[in-house]
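Here are a few notes to read alongside the model.

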Amino acid sequence: MTQTLVVIGNGMVGHRLVEILRDSSWRIVVFGEESRPAYDRVALSSYVDTWSSADLELAPLTGCELRLGEKAVSVDRERRVVVGASGVEVQYDALVLATGSVPFVPPVPGRDLPGCHVYRTIDDLDDIRATVEAADRPGRHSGMVLGGGLLGLEAANALRGMGVSPHVVELAPRLMPIQVDDGGAGLLKRLVEKLDLTVHTGTSASSIERDGTRLIAKLANGVELDLDVVVFSAGIRPRTDLDLGLELGPRGGYLVDAACRTADPRVFAIGECASVEGVAYGLVAPGYAMAEVVADQISGGTKVFPGADMSTKLKLLGVDVASFGDAHATTEGALEVVVNNAVAGTYSKLVVSDDAKTLLGGVLVGDASAYPSLRPMVGKEVPAALLQPGGSVDLEMPADAQVCSCHAVTKQTITDAIQSGVACDVAELKACTKAGTGCGSCVPMLKKLLTDCGVEQSKALCEHFTYSRAELFEIIRATRITTFTAVVEKHGTGRGCDICKPAVASILASLNNGHILGETQVSLQDTNDRFLANLQRNGTYSVVPRIPGGEITPEKLIVIGEVARDYGLYTKITGGQRIDLFGATVDQLPEIWRRLVDAGFESGHAYGKALRTVKSCVGTTWCRYGVQDSVGLAIELELRYRGLRSPHKLKSAVSGCARECAEARGKDFGVIATENGWNLYVGGNGGFTPRHADLLVSDVDTETLIKVIDRFLMFYIRTADRLQRTSAWLEGLDGGLDHLREVVVDDKLGICDDLEAAMAAHVDDYADEWRGVLEDPEKLARFTSFVNAPGTPDPTISFRAERGQRVPVQLGIPEVVR
Amino acid sequence: MTVVCDFEVLRPEQGVAALLPDGSQVAVFLTADGTLHALDNIDPFSGAAVLSRGIVGDRGGVPVVVSPVYKQAFELATGKCLEEPSVSVAVHPVRVRDGVVELT
């Protein structure tokens with residue numbers, strides 16, 4: 001008989017448990033107090049970037065009964081029944097408590113005044129925003145965050161995102177007292193104070209009072225702050241208000257054993273509400289580990305909680321902070337090796353054993369790039385060279401070292417996946433081990449392990465070139481070679497193939513080397529580019545005229561209709577807001593295009609690894625909710641980037657408001673209007689591996705937007721692999737989105753002028769490819785089915801009627817005898 | 001004997017299609033070293049008459065044409081499919097006489 005598992009709590013850890021058990025035989029019922037689906041609370045501060053809760057949502061749960069907005073109000077352990085707020089009763093065979101935690105609010109007089117908030121949920125942030133927007137202070141708003149730990153700095157970041165200058169008040173003598181030591185915290189304070197934060201350490205708020213529309217906070221050190229909003233984020237406490245009559249741990253939390261089981265063998269607790277053998281954990285990674293334990297236990301396994309690695313690496317207010325192992329050197333006899341570079345703004349401390357042989361822990365501030373290789377070495381022998389100032393060595397990591405601490409994936413698990421052939425690249429490793437899918441800090445390590453395992457992360461384009469596409473791009477750009485023959489003679493071997501020829505042709509086109517059907521380029525092109533149309537299964541082609549932004553006049557629509565009718569073309573609306581005309585033979589293509597070009601159409605590049613379309617919603621022109629002219633911008637972008645050849649196709653969209661009707665976040669670059677300008681998202685994809693695009697810049701004006709897109713596209717075109725969409729490129733980019741932002745927004749590499757100039761050259765050079773063919777008899781002459789019988793129809797092509805249109809008769813395939 | 005075209009119409013590393021009197025089709029290729037090859041134009045994997053529109057190149061030094069439909073490579077000299085050696089397309093004798101390409 002099917003057994004029922006009830007999970008109380010729909011936070012990240014509860015969500016994870018259900019995900020793990022999704023395909024098990026258990027019937028799963030989830031009670032969630034919040035009415036929204038589970039979301040990424042770790043990334044809560046990013047909510048202020050878009051104010052769209054959908055951006056934070058975790059993968060939707062399937063295969064369970066999700067009771068959102070239904071708080072579990074009591075549990076009868078005798079009858080094994082959970083009672084919901086609506087009165088519903090669900091009987092369980094196993095019960096998992098995943099109620100999370102509640103914010104700790106210190107007993108400051110005035111803490112309940114309007115304008116005082118906690119920082120825990122999306123609703124909390126909405127409330128904080130409402131307070132800030134209601135404040136009538138001229139100029140910048142002022143806020144106080146009580147708590148200078150990890151959560152407090154996150155809250156301060158969220159306030160900054162709302163245009164509030166935060167005061168951070170921390171009782172301890174330094175910021176992030178749990179993770180960081182005095183030296184690291186000193187640097188951290190200096191770095192965050194540059195970002196409009198005021199830090200008050202070693203003090204606390206002694207009272208908060210309302211004065212008209214403002215709040216006045218008095219600090220214990222005598223300072224008075226004039227504020228619009230107060231946020232408490234001074235830590236959390238396990239949430240145990242649901243009383244099951246079970247024992248609690250010494251510092252709160254349902255007391256459980258190493259199997260995460262309470263004294264009642266059918267009841268488990270996981271995540272922040274659990275006190276595992278007396279210890280409560282406030283991080284998500286240990287919570288995930290507990291979810292794994294319980295999933296295993298209720299499936300009959302014997303897994304126990306291995307204890308948690310409390311290491312953290314994060315970017316707070318743009319500052320890298322990492323802390324791992326015995327960061328505070330509490331081990332007896334521990335030695336510290338500190339490099340504090342105040343000029344560069346970096347601090348690193350390694351803690352080693354008294355004989356200087358074993359790494360015990362460390363703190364990194366300002367630059368945490370060494371974290372992925374150092375953290376797994378905790379408890380292992382350290383090479384002496386590492387302890388020299390500025391010293392770094394290639395560390396050989398033991399097999400049991402944890403590479404991904406978010407998902408507790410060991411080096412062994414990863415190397416097993418690689419060596420068994422299950423995973424050959426980072427994307428596959430992410431899919432089969434989950435490593436790298438949390439904070440992403442271990443992605444460089446995954447790449448290194450692939451290399452170490454001899455998975456030739458071969459960049460070689462094909463058997464004719466040992467270079468990667470990016471390297472070939474640089475070679476061709478620097479040497480200004482303009483023919484494939486010259487490239488392969490000087491930098492490759494053999495005569496080329498169907499991989500390198502189109503790749504080089506695409507690079508030549510990206511570098512503006514004239515018409516892609518020019519004498520030296522035509523033989524390099526894949527059939528779609530060679531005939532400037534899309535090959536279909538019966539050997540005919542489809543035709544897609546450009547319809548920028550999806551906006552078209554009735555007159556032009558009529559022309560398309562007439563052409564389709566006259567040539568008997570099957571007609572279908574595409575997903576990119578244009579019209580595809582199917583069934584044209586090679587001979588018909590120039591005739592069709594002559595009529596289209598005469599009517600003012602131009603190539604839509606549906607056939608090319610190039611910009612396809614920029615979709616749009618109707619925006620402010622018509623829509624009652626639109627806040628910007630999305631159609632106008634979409635047309636401007638489509639006309640700017642039309643014809644741009646790239647490593648793979650490029651799709652884009654512009655939405656006129658946050659409702660996102662144009663589905664911009666599924667695009668390579670998508671723009672969503674805000675009240676103040678535009679948000680730019682990059683790296684989105686539909687298709688085989690859907691991916692939501694990441695926010696690159698927000699609230700920018702049109703000029704800045706276009707500048708950043710110019711740079712983004714050119715950077716992608718120069719550095720991506722062949723047939724690598726922006727999503728995969730971004731996933732594999734060392735340093736990920738942060739690095740991309742450093743390059744194309746902050747111009748860290750100093751190449752932005754060059755990228756912009758390259759795009760300007762493209763815009764200047766653009767010419768319609770189909771017009772180019774129609775005006776050139778030599779190019780036109782290639783559009784014949786039979787060289788010895790021009791105009792004779794291909795006898796293998798025949799059509800039948802389906803729903804009033806012509807569709808191909810499926811071709812017999814008699815020749816294949818296998 | 002079927003006349004395909006004047007030799008000078010051909011371009012190195014490209015193919016053209018010719019229609020035979022019986023309605024069948026042949027793809028004729030000129031490689032960079034000046035050699036002529038002729039194969040059935042129909043791609044056995046898709047049934048479409050498109051091999052003449054494939055990209056010409058080499059695999060390990062062996063001249064091939066790659067079907068534009070599902071990308072299998074066929075040896076120009078033998079018609080053998082490299083991915084599935086049991087599959088091949090017919091090879092036709094082809095020559096140049098008085099500047100004219102002919103299938104014999």
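1. Start with the area: domain 4 of chain A and domain 6 of chain A bury about 1100 Å² between them, and carbon and sulfur atoms give 49% of that. Buried area here is the accessible area (1.4 Å probe) that two parts lose on being put together, summed over both. On the domain 4 side, A:Arg469, A:Ser510 and A:Asn512 lose the most area to domain 6 of chain A, together 46% of what that side buries.

2. Some ground rules. This is a predicted model, where local features need pLDDT of at least 70 and side-chain atom pairs count only at pLDDT 80 or more, while totals for chains, interfaces and linings use all residues. Residues are numbered from 1 along each chain as its sequence is written, chains are lettered from A in the order in which they are written, and side-chain values use heavy atoms, with hydrogens and water left out.

3. The domain assignment puts domain 4 of chain A at 469-525 and domain 6 at 610-767, among others; such bounds come from an automatic or database assignment. The C-alpha centres of these two domains lie 26 Å apart. The contact (heavy atoms within 4.5 Å) takes 12 residues from domain 4 of chain A and 14 residues from domain 6 of chain A.

4. For charges, the rule finds 1 salt bridge across this interface. A:Arg477 pairs with A:Asp754 in a salt bridge, the closest N and O atoms being 3.2 Å apart. The rule asks for a side-chain nitrogen of Lys or Arg within 4 Å of a carboxyl oxygen of Asp or Glu.
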